[in-house]
Amino acid sequence: MKNKYKECKLVLNGVNFSVDPRIELFHTVEVIQGIPFVNFIELDYKQKIASHFQHGKTHPLFAFLDKNQLYGKLFTTIDAPILMMLHLTNDLEWRKDVEVPEARRPALDSLRVLMKDFAEASNYAGFFNSNVDLYNVSLTTLTYNLPGFDEKNRLMDYCGNRNHKGYEFNVILNFLGWGNFGPRIFNKDGAQLYAVIAPEKTAIRVPTFDVGALYRLLWHEFAHSFANPAEEKIAGEFDKFEKLWEPVKESMRAQAYHSWQSVVKEHLTEAIACRMAALKFGEDAAALNYVRPQIGRRWIYLNPLLKALKYYEANREVYPTLESFMPKIAEAFQAINQHDIDGWLAEMDALKKPNLKAMPTVGAIYDTKNILIIVSTGETDREADRRLKDFIDNYKGRIKTLKDAAIIADTAALAMDLADYNLSVWGTPSGNKFLQKHLSQIPIVVHSDKIIGESVYEGTGYGLLIGWVNPFNPEKVMAVYTGQNPADLIDFNRIMNGSGNYHIFKNFITIKQSSFSKNGSVWVAK
């Protein structure tokens, strides 16, 4: 190479975060060739590539790609190019320290030789080095948003492999990539574990990454290196339960898991990821944002595995490693019966409701008629409840669409047929009996000391506005005005509100205003 690549790397508690010139070169080739597997986010880095290499398509590499389709002929899966690039050195020679199956394919070796020549002829290293400011600010921004990050040690502690020195954990920012990947490369000393992550969007010209998705990818993919060998030692035990594949076979195959053994391994590593989330963010946050979406994808055997892993966590003196606990994992599968499966499938169907493309905004109630206001009868803070009801009376009189709305008690609402009404529901989850019954379908949890949505908001004094649908008629709106105390809602209208599906505020300051979206066919807060 004419220029040596500048290193763009940060290390957080043993995990390497980097921008990799091999990955960036591959996607640069995609941009020049016009291959539509580059991501769809607005990033002027794409224009820089197109402009800088505007004459690069005359190189023989691109004539080769005209004759050899990158996806479909050279590669059959979207993640295969990433693994090939990681099997190369920065000088695009095949690595000598690991097994490289791609080297045995003449077409891929030709691709390698041509990419190497293109990189040298175009001085790709010079282009890469000219973008280090972008790379470094992206690395800094991402790692800034990972406070208390110690996932390598946490995962190795969880699996009982803390003293294993041969595992290298790597996170690669994949600026132009589509999707997240978790390749693993093994050598005689251990393994190089990768999480190759693509940006979710951009902010002020800088790519931003989904932190929740990053954690899940890290835990899931890195856990494979510990869970797979442990499972394989008693694989015959799991083969006995292959009949359990049938209820999930179609959906698992659609997610690229084509054997019962792969389903067992994937469920186990996903269960570990969910438990890592619970131990980091709390049980409710993990259930809301990690478990529910996977159940919605028909990962129903998470249910017994999560129960088993909780037992593992409570008995580590008996089971110091995941490997030592594998017989108990087998027992968890053995105990599954048809009644369990039917219950889990029913739970999955319930989680997917309401079956809508979008939820109403917080302010959608004000564009409706036939509104019913439902207030609490069970608030423990009677004075705050009285003040909130005084506010509701006053507020109702000042809003045109609310003037004709009737106000009823939660107990009365529970006895009524509400299908024809747009609902305006007020009070805390513990004080309003109607909310107690129906709030669980909404992907936000209100506790006395925190609110949990996409993130966890610790403390007290939070109010929450929610746009949802009438649980008895999805064509009607339900607006929810709730919080940790009735007083937290009084004068909420001092805040600019109405857009978005939910609005978290404290002391009249907006903490988060955002939307609900589908993840695994299950509604989540974004």
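Mentor: Let's start with helix H8 (residues 151-159), which lies across S2 and S3 and runs at about 135 degrees to S3. This is a predicted model, where local features need pLDDT of at least 70 and side-chain atom pairs count only at pLDDT 80 or more, while totals for chains, interfaces and linings use all residues. Residues are numbered from 1 along each chain as its sequence is written, and side-chain values use heavy atoms, leaving out hydrogens and water.

Trainee: What makes a stretch a helix or a strand, and how is an angle such as 135 degrees defined?

Mentor: Both are DSSP runs numbered from the N terminus: helices (H or I) have at least four residues and strands (E) at least two. For the angle, lines are fitted to C-alpha atoms, for helices over the stretch in contact, and the value runs from 0 to 180 degrees between N-to-C directions.

Trainee: Why are S2 and S3 called paired?

Mentor: Two strands pair if DSSP finds at least two bridges between them. S2 (residues 15-18) and S3 (residues 167-173) are joined by 4 bridges and run parallel, so they qualify. Serine 18, for instance, has isoleucine 172 of S3 as its bridge partner.

Trainee: Why are S1 and S4 called edge strands?

Mentor: The open sheet has 5 strands in the order S1-S2-S3-S5-S4, with mixed pairing. S1 (9-12) and S4 (184-187) each have a single partner strand, so one side of each has no neighbour in the sheet. From one strand to the next, the twist averages 20 degrees.

Trainee: How do you know whether serine 225 is buried or exposed?

Mentor: Buried means under 20% relative accessible area, exposed over 50%, and partly exposed in between (1.4 Å probe, protein chains only). Serine 225 has 2% relative accessibility, so it counts as buried. This residue belongs to helix H9 and touches Tyr167, Arg184, Phe186 and Leu193, setting aside residues up to four places away in sequence. Contact here means heavy atoms within 4.5 Å.

Trainee: What makes strand S10 mostly covered?

Mentor: In S10 (residues 422-426), 5 of its 5 residues are buried. Asn422, Ser424 and Trp426 lie on one side, with Leu423 and Val425 on the other. S10 also pairs in the parallel sense with S15 (residues 473-483) over 4 bridges, and 4 bridges join it to S8 (residues 371-375), again parallel.

Trainee: What makes a group of residues a nonpolar core?

Mentor: The members are buried Ala, Val, Leu, Ile, Met, Phe, Trp, Tyr and Cys residues joined through side-chain atoms within 4.5 Å. The largest one has 127 residues, and Ile329 is one of those touching the most other members. Helix H12 (residues 260-281) gives the most to this core, 11 residues. A second, separate core of 28 residues includes Leu372 and Tyr457.
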